[in-house]
Amino acid sequence: MVIQKEPGQKGVNWSNIAIGERVVTTLGQPLEVLKTQMAANRSQTMLQASKSVWARGGVVGFYQGLIPWAWIEASTKGGVLLFTASEIETASVGMGISPAAAGLIGGMGGGIAQAYATMGFTTCMKTVEITRHKEAAAGVQRSTFQVFMDIYRKDGIRGINKGVNAVAVRQCTNWGSRMGFARLAETMIRNVRGKGENENLGALDKILASSIGGALATWNQPIEVIRVEMQSMAKTTANVNRPQQLTILNTLAFIYKENGIKGLYRGVTPRIGLGIWQTVCMVSFADYVKVWVKGRQ
């Protein structure tokens, strides 16, 4: 089932802007921290990564980067994603494109808009917070805002948006895959249950479809590992093989040379959990929330 226009709707559905993504404050942020730890330290197993995060403050360690960067990101990126993706998806279906293809196109457009509009500096700063523990171990004490201003004074806007192109590629493929696979799974579930195109699926069916979409969308984990490497502050003692000016391509080559194919998929397990959680919230639950918001207008 595609995101449908309400009866009488013409043009943009502005209620979609109001639907934000607060899920990172619950299950999402610990999984985000764990996958970033594994992507930045590619020799660690999940157990070793979990112990490393725990050593940085116990439960609090799993919420590094939450305040303010994840909260800023959560308050904005969900609205940008849903507004853009929903309008593109609706327009695509109106042109006769299949639900799965419309979900793919909508998700790609929403992911790109999300990355460049809100996620560049927040993703960069979250990664900085998670990966700068070596600085703290050396006795250097800086608040998160001091780190932000130091990066800004040194490198300007480009510095705090370091890796934003990798973020855009990740978000484009993330949400294109998540929404495309989720809508395709919904279509398959309809066929199995003998339901028509305009019949609603039950909540469990929609959760199942979104879970499939979220899990399958992690095929692009190499892009996430590249993004973490580009933004990481854990490399204070630079590897002689690590490029001084990182781009997506030379970062890919560096990771492959150092860690092989396995290194490009470090952190994929917690990311599968995170992908399922976010897709269920942003595809299945969001459909219900938009109906609720519309009903209160």
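Analyst: Lys 35 counts as buried because its relative accessibility is 2%, where buried means under 20% relative accessible area, exposed over 50% and partly exposed in between, with a 1.4 Å probe and protein chains only. The model is a predicted one, in which local features need pLDDT of at least 70 and side-chain atom pairs count only at pLDDT 80 or more, while totals for chains, interfaces and linings use all residues. Residues are numbered from 1 along each chain as its sequence is written, and side-chain values use heavy atoms, with hydrogens and water left out.

Lys 35 forms a salt bridge with Glu 224, with 2.2 Å between the closest N and O atoms; the term denotes a side-chain nitrogen of Lys or Arg within 4 Å of a carboxyl oxygen of Asp or Glu. Since Lys 35 belongs to helix 1 and Glu 224 to helix 9, this pair ties together parts that are 189 residues apart in sequence. Helices (H or I, at least four residues) are DSSP runs, numbered from the N terminus. Glu 224 is likewise classed as buried, because its relative accessibility is 0%.

Lys 35 also meets Glu 32 in a salt bridge, at 3.3 Å from N to O. These two residues are three apart in helix 1 (residues 28–40), so about one helical turn separates them. Glu 32 has a relative accessible area of 9% and is therefore buried.

Because Glu 229 lies in helix 9 and Arg 42 in the loop between helix 1 and helix 2 (46–54), the pair ties together parts that are 187 residues apart in sequence. Glu 229 is buried, with a relative accessible area of 0%, and Arg 42 counts as buried at 10% relative accessibility. Salt bridges with shared partners join Glu 32, Lys 35, Arg 170, Glu 224 and Arg 227 into one network. Across the whole structure, a search finds twelve salt bridges.

Helix 9 (residues 221–231) also packs against another helix. Its axis comes within 10 Å of that of helix 10 (residues 248–264), and the two cross at roughly 115 degrees; axes are lines fitted to C-alpha atoms over the stretch in contact, and angles run from 0 to 180 degrees between N-to-C directions.
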